[in-house]
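Subject: Structure handover

Hello,

Here is the structure we talked about. Please look it over before reading my notes below.

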There are 2 protein chains.
Amino acid sequence: LNKRDVVESILTGKPRSPGRSGQAFAAANIALCKYWGKRDEELNLPLTSSLSISLRTHGTTTDIEPADADEYWMNGERLAPASPIFQRLKEYLDLFATETPLRVATQSNIPIGAGLASSASVFASVALALDRLFDWRLDRRALSILARLGSGSACRSIDGGFVEWRAGTDPDGMDSYGAPLPDRWPELRIGLLLVSKEAKSIGSRPAMKRTRETSVLYTAWPDQAARDLARLKEAIAGRDFVRLGETAEANALAMHATMIATWPPVLYWRPESVEAMRRVWALRDEGKAVYFTMDAGPNLKLLYRETDQAVVDGAFPGVETIAPFA
Amino acid sequence: LNKRDVVESILTGKPRSPGRSGQAFAAANIALCKYWGKRDEELNLPLTSSLSISLRTHGTTTDIEPADADEYWMNGERLAPASPIFQRLKEYLDLFATETPLRVATQSNIPIGAGLASSASVFASVALALDRLFDWRLDRRALSILARLGSGSACRSIDGGFVEWRAGTDPDGMDSYGAPLPDRWPELRIGLLLVSKEAKSIGSRPAMKRTRETSVLYTAWPDQAARDLARLKEAIAGRDFVRLGETAEANALAMHATMIATWPPVLYWRPESVEAMRRVWALRDEGKAVYFTMDAGPNLKLLYRETDQAVVDGAFPGVETIAPFA
């Protein structure tokens, strides 16, 4: 089974001739229980379920229109056909076998270098924009699956709020998509903390692969993920912020631990990352409920409640605040 | 079974009246495959086997003589009876039920704060000095077991060179002791690198316990340790330095990873630790065979060969060099 088969099965009987243009926005998402390890590299099917929270206002707007030749723009800059990101977009758009070439322009308002998987909001907004351009009127589940074929975590960016990506078991992945939880939690805050702008030494895809192949500790990751997912859902249902924060932080640290135990070692942390973690722990020692999560990069995403905004601003000048449900 | 029973079984029929004095030196040791997790807290029996290399010249000299009252000195300072280390020494020496109180003076030449488990060389030298004071003439195995009752890793400090501590299976631990490997490797060097003098936030004993109790990833640690022990023994037998270095570094990182995945997180690393690790990796990117290991603290111990001494001195000014076999 390949991506093309999956796309065809979803688009059976759907129009392939474009309208004048399609536009859509998709927010980035931050995983509280991480997606770390694939069971199928081709279809981006995960080994474990994951759970994220949408950044609501921060993400990507994509405009697509028919063109004479494929043409991709990112944040106002035209991509060179030889660039890896052009290739990745082209490979994705080719899956849809459209009647005409496409001009695709994405615009992201995510702080550059924040280590926010911008590929999630890019591929989710592309899938949504295609749906509008061709007037497919697909349901959220189908859109989530299409987004996943572009980038795994993009399947969690079709909806807002808390989204659970169930790993599923079908070989074709038709049961592996992001489903929103009904819960809203307006007091929640996310703080984007840029601690280092150094380039990553390794992308998250090869890091994920290397971890699965060489890390002995990774054999325990599925148990960790299952435990944390259950805890997070309990915490969300019961509005238990300490449990949410503790679980999200423990899950992120465990993911990084599986990488640290990989050979050659994968360490995304910079000295400044350790400094920032220690500052979070110092706040907790003072009784403040501030937690963090981290993805495949050196930066931290703080988790806290509205009532602790002044505490966070004081300890982390320059932090960018997001209210995911505001 | 308690410590006292074990000591009694070893000392059956041995004299309990002291001579005039007993003196002994024991070198500190650095584990290449770590001791991390106990199967018996009372007898310091490990969950997994471990393997160390002796620091030869760096360790502890202990002098013991009969006295009117128990009196302990460490590096020229008399210990206050209320101090935790006095209590720990007294508890250990009381196991031997000696006829008279003892004056015990230990002198260590290990760089202060280097994160070298000085308790290993202290308890090994105390066991050796007791043997001389009382003229027990115990064999190495018995001495290693006695040292272990003071501090687990001390059982690897009775002998020099490479020492394997076999975990054993007996409930009384009579098969759990350090046994030297016959191999000598004169080109090996160890570099002690002090990156931070900040006090540890948590001792290694409670850290070990917390990891075993709360880290999901720790469930994979016995597999990691078994794999690494086998690789290290192959590397030593075949004088394969790259394999030795890679395995020791991977093992240390995996141990730290199990702690990072503990709740609350146990992170011994300081920003400077990450900086130093990255410097080691930069050297390797340049083709230099320099590796590190780390124990429950922020400092690094470099592993390299004599031929790379200038490289190490250049990259790490102030490093203290040890030739374990020279």
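Chain A has an average pLDDT of 95, pLDDT being the predictor's confidence in each residue, from 0 to 100. In chain A, 98% of the residues score at least 70. The model has an ipTM of 0.94 and a pTM of 0.95.

Some conventions. This is a predicted model, in which local features need pLDDT of at least 70 and side-chain atom pairs count only at pLDDT 80 or more, while totals for chains, interfaces and linings use all residues. Residues are numbered from 1 along each chain as its sequence is written, chains are lettered from A and ligands numbered from 1 in the order in which they are written, and side-chain values use heavy atoms, with hydrogens and water left out.

**Interface**

Chain A puts 32 residues into the contact, and chain B puts in 32 residues. Contact means heavy atoms within 4.5 Å. Together the two chains bury about 2,700 Å², with 72% of it on carbon and sulfur atoms. Buried area here is the accessible area (1.4 Å probe) that two parts lose on being put together, summed over both. On chain A, L217(A), W263(A) and R278(A) supply 25% of the area buried against chain B, more than any other three residues.

Which helices of chain A each supply at least two residues of the side that touches chain B? They are α6 (221-237), α7 (241-260) and α8 (271-285). Helices (H or I, at least four residues) and strands (E, at least two) are DSSP runs, numbered from the N terminus. The largest share, eight residues, comes from α7(A). By class, the side of chain A that touches chain B has 20 nonpolar, four polar and eight charged residues. For these classes, Ala, Val, Leu, Ile, Met, Phe, Trp, Tyr, Cys and Pro count as nonpolar, Asp, Glu, Lys and Arg as charged, and the others, Gly among them, as polar.

Between chain A and chain B the count of salt bridges is zero. A salt bridge is a side-chain nitrogen of Lys or Arg within 4 Å of a carboxyl oxygen of Asp or Glu. Four residue pairs are in polar contact between the chains, both residues at pLDDT 80 or more. A polar contact is a pair of N or O atoms within 3.5 Å; within protein, one must be able to donate a hydrogen and the other to accept it, and residues adjacent in sequence count only if both atoms are side-chain atoms.

**Salt bridges**

Over all chains, the structure holds 32 salt bridges. One of them joins D295(A) and K34(A), with the closest N and O atoms 2.7 Å apart. This pair links distant parts of the chain, 261 residues apart. D295(A) sits in the loop between β11 (291-293) and β12 (300-305), and K34(A) in the loop between β1 (22-33) and β2 (38-40). D295(A) and K34(A) are both buried. Buried means under 20% relative accessible area, exposed over 50%, partly exposed in between (1.4 Å probe, protein chains only). K34(A), D295(A) and K301(A) are linked in a network of salt bridges.

E71(A) pairs with R103(A), closest N and O atoms 3.2 Å apart. E71(A) is buried at 18% relative accessible area, whereas R103(A) is partly exposed at 25%.

In chain B, R239(B) forms a salt bridge with D183(B), closest N and O atoms 3.2 Å apart. D183(B) is buried, at 18% relative accessibility.

**Backbone geometry**

R239(B) has a positive phi of about 50 degrees although it is not a glycine. R239(B) lies in the loop between α6 and α7 of chain B and is partly exposed at 38%. R239(A) also has a positive phi of about 50 degrees, and is partly exposed at 37%.

The peptide bond from W263(A) to P264(A) is cis, with omega near -10 degrees. P264(A) is in the loop between α7 and α8 of chain A. In chain B, a cis peptide bond joins W263(B) and P264(B), omega about -10 degrees.

**A buried serine**

S151(B) is in the loop between α4 (140-150) and β8 (162-165) of chain B. Its relative accessible area is 5%, so S151(B) is buried. Leaving aside neighbours within four places in sequence, S151(B) has contacts that include N44(B), R88(B) and R205(B).

Best wishes
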